[in-house]
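Dear colleague,

Please find below the structure that I am handing over to you, followed by an account of what was found in it.

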Amino acid sequence: MWTRTKNRVVAGVMILFFLTMSLCTWLKKPDAFSGSERRVLAQFPKLSAERIATGKFMEEFESYSLDQFPMRDTLRSLKAFFTFSVFRQRDNEGIYLAEDYACKLEYPLQEAALDRAAERFTYVYEKYLEDTDSKVYFSIIPDKNFFLAERNGYPAIDYELLINRMKSKTDFMTYIDITDVLSLQDYYRTDTHWRQERILPVAEKLAAQMGTELTGDYVVKTLEQPFYGVYYGQAALPISPDELCYLTNETLESCVVYDYQNEKTGIVYDWEKAYGSDPYEMFLSGPLPLLTIENPNADTDRELILFRDSFGSSIAPLLVSGYAKITLVDIRYLHPDLLERYVEFDGQDVLFLYSTLVLNHSETMK
Amino acid sequence: MVFSSIPFLYYFLPVALVLYFAAPKQFKNMILFLASLFFYAWGEPLNVIWMLLSILVGFCSGWMIEQHMGNGQAKLLLVLSIVIHVGFLVYFKCATVLPIGISFYTFQILSYEIDVYQGRVPAQRNLIRLGVYVAMFPQLIAGPIVRYADIDRALSERTHSVENFALGIRWFVIGLSKKILLANVLGRLCDIFLTSDDKSVLYYWLFGIAYSLQIYFDFSGYSDMTIGLGRILGFHLPENFNYPYIARSVTEFWRRWHISLGFWLRDYVYIPLGGNRVSKKRWVFNIFVVWILTGLWHGVAWNFIIWGLLFAVLLMLEKRWLLKYLEKSRILSHCYVLLSIIVSFVIFYGTNMSDLRNCLGGMIGLNRLPLISKEFLYYLRSYGVILLIGMIGTTPLIKILTGRLAQNSFGKRAVTILEPIVLIGLMLLNTAYLVDSSFNPFLYFRF
């Protein structure tokens with residue numbers, strides 16, 4: 001009798017489960033964007049005989065069904081919870097949690113990528129800087145794994161080897177070590193980047209090594225909304241958000257930023273981006289190939305050309321007081337050959353400031 | 001379409017089942033055939049033509065073989081038909097694009113034609129019924145290889161019940177969980193290993209173990225889903241796996257692993273060649289033919305042939321000499337079987353001879369690798385629990401424990417309450433893993 005009852009219960013419950021889930025799946029209104037994953041979600045694919053015959057429709061329908069699944073974020077959290085708590089896996093798709101920080105495994109050291117980065121820097125140096133009076137500096141920003149990985153039992157790249165290899169391949173530049181003025185607390189818990197309000201010592205050290213002095217005090221301001229960094233969405237776990245602070249003063253507020261890509265003049269902090277999908281993009285409007293910051297109140301006519309990645313967006317404003325103009329170049333989005341159209345290299349200070357993450361994946365550099 | 005996908009689970013399956021159960025009895029086969037064509041065409045829109053052509057050739061040749069039964073023309077027709085089907089199969093195995101499931105449905109059609117030729121079954125007069133036998137979506141992609149004689153009757157006369165539904169859905173959910181929660185996760189470890197720059201001898205062994213578990217849970221999970229869906233639709237499909245990793249000899253392993261392929265080759269190749277009731281030389285020849293075919297069935301590549309030959313050699317060694325020693329020690333026999341399986345699946349994995357050399361060389365330390373590496377230690381810790389669950393899952397331990405629990409009335413009540421909760425929990429987890437991950441290929445789709 002129990003077997004019969006059990007079979008009826010199992011059949012009834014499972015039919016109900018499949019019908020409910022299917023109905024929810026079909027009836028759910030599609031979302032356009034996932035805030036937690038910071039990406040545009042797939043929409044119902046275009047239907048045509050050709051797209052069916054080539055399998056394109058089915059392929060896109062698969063993505064649509066995954067992206068638009070009801071309670072997607074909850075299910076992703078369930079998976080992450082199960083991965084960490086039941087399977088006891090050390091990471092979920094490469095994201096791990098340690099000391100209340102979310103971080104992504106960065107391993108192993110890609111020596112070929114380092115060599116490529118060095119080759120790209122050398123190319124820029126030889127094409128534009130070798131025959132000028134420019135003083136060229138280089139500094140490497142360690143990612144969070146530098147502080148977290150090894151001491152928490154995660155595989156970590158050999159940072160000493162990375163720095164030494166880069167230094168030896170770019171010996172035409174003066175290397176500035178900033179690892180001694182950084183600590184784990186200088187990074188967001190849920191994001192890959194460093195916190196602007198904590199990196200003033202880094203800016204001061206870079207400025208001092210480049211022979212300029214930073215002046216003025218800053219007021220620390222905090223965005224009203226919580227900051228959910230890029231790892232928050234990837235971890236899919238209920239981690240408490242960060243606060244996003246920024247430093248400001250009269251000098252910074254008077255600076256004029258010019259964006260060459262969009263031919264747009266603006267200010268240092270982009271308020272539209274501050275309340276967008278990635279608030280970190282409030283610093284100089286996020287990833288852009290070429291920008292200039294002009295400081296009308298500068299006591300000097302010195303200029304800086306900063307070859308940088310996204311870490312550069314939040315530190316560049318802190319270097320403004322030492323320069324009349326800073327040009328920010330991101331060679332991930334702008335081929336170095338095109339630089340001569342926009343930038344005249346005539347003795348400015350030049351700083352290559354790159355994070356270990358970009359150096360270890362330099363295939364993104366043009 | 002794959003079973004472990006959102007389109008299958010929450011779009012195709014509910015609609016197909018509702019239409020199937022709502023249809024009057026005389027239309028059920030038609031609904032099942034059309035649903036199966038849709039299922040196949042979803043992944044391979046154009047290759048559905050090859051399958052339909054194979055069904056048509058099978059239908060015509062079956063009918064003609066029966067018409068000429070007892071004379072030489074029947075044999076000629078059978079040979080001609082086999083040449084066409086095997087020709088298709090060999091052509092596609094050598095081509096760059098292999099239609100999904102072609103090895104499985106070709107063997108099923110051959111089974112039908114040989115059964116008709118041998119007079120075991122009458123030729124099918126209804127094209128749709130033969131179409132259902134060949135293309136039925138639960139077993140179309142990755143078997144088990146169902147012999148026509150086994151389901152001939154069910155094609156025209158089958159019953160549906162709540163018991164069959166409950167049993168089927170249970171089997172399906174367990175199979176799906178094996179695939180998504182174990183095979184896919186272990187596959188991720190294999191993937192990490194393959195792209196690693198920090199390999200070591202023990203890391204190669206970790207890969208070998210993980211891959212052996214992955215391939216087992218992948219294939220047996222698919223077979224479980226097939227059997228479960230078949231049961232829901234009223235078909236009693238044969239089991240394809242019976243805890244092969246607890247075998248104490250390679251001979252026993254092959255009685256427990258991919259049972260339907262073993263039976264097929266035994267019934268349609270080994271026995272017609274004379275089996276073991278022949279001279280020693282001829283027996284050795286028969287064994288080699290069967291195992292080379294087993295290898296080639298998986299793909300036209302040297303690694304599959306070597307894989308088949310390895311088993312041929314091991315089986316002959318066991319028959320002649322080794323079995324009596326293996327029977328003496330339980331531990332030794334298990335170690336021998338597991339070692340043979342791991343090595344064989346590393347050979348099976350190799351996509352070319354260079355991969356094969358690297359993997360086997362890496363396992364015995366020939367590649368100047370360290371014994372352990374930082375990455376090996378990390379992933380051993382990270383995947384330790386899954387590997388343990390996987391190892392337990394290859395034994396009948398859970399089946400024995402739940403069987404014991406259900407022996408008294410308290411246990412029966414507990415199982416009645418817990419089973420639907422566990423099944424729903426597993427479905428939610430499977431869905432969560434699917435929604436979050438794009439790593440989902442079925443290994444046996446290659447064949």
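In chain B, α3(B) passes α6(B) in a right-handed crossing; a crossing is right-handed if the near helix is turned clockwise from the far one by less than a right angle, and left-handed if anticlockwise. This is a predicted model, in which local features need pLDDT of at least 70 and side-chain atom pairs count only at pLDDT 80 or more, while totals for chains, interfaces and linings use all residues. Residues are numbered from 1 along each chain as its sequence is written, chains are lettered from A and ligands numbered from 1 in the order in which they are written.

Helices α3 (residues 48-67) and α6 (residues 127-135) of chain B pack at an angle of about 125°, and their axes are 10 Å apart. Axes are lines fitted to C-alpha atoms, for helices over the stretch in contact, and angles run from 0 to 180 degrees between N-to-C directions. Helices (H or I, at least four residues) and strands (E, at least two) are DSSP runs, numbered from the N terminus. α3(B) and α6(B) are therefore oblique to each other; angles under 35 degrees count as roughly parallel, over 145 as roughly antiparallel, 65 to 115 as roughly perpendicular and the rest as oblique. On α3(B), the contact is made by B:Met51, B:Ile55, B:Gly58 and B:Phe59, and on α6(B) by B:Leu127, B:Leu130, B:Gly131, B:Val134 and B:Ala135. Two residues are in contact if their C-beta atoms, placed from the backbone, lie within 7 Å.

Chain A holds an open sheet of eight strands in the order β6-β5-β14-β12-β13-β11-β9-β10, with mixed pairing. Two strands pair if DSSP finds at least two bridges between them. The edge strands, β6 (174-175) and β10 (264-266) of chain A, each pair on one side only. Strand β9 (residues 256-259) of chain A pairs with β10(A) in the antiparallel sense over three bridges, and A:Val257 stands opposite A:Gly266 in β10(A). Helix α12 (residues 311-319) of chain A packs on the sheet, and its direction makes about 165° with that of β12(A).

Yours sincerely
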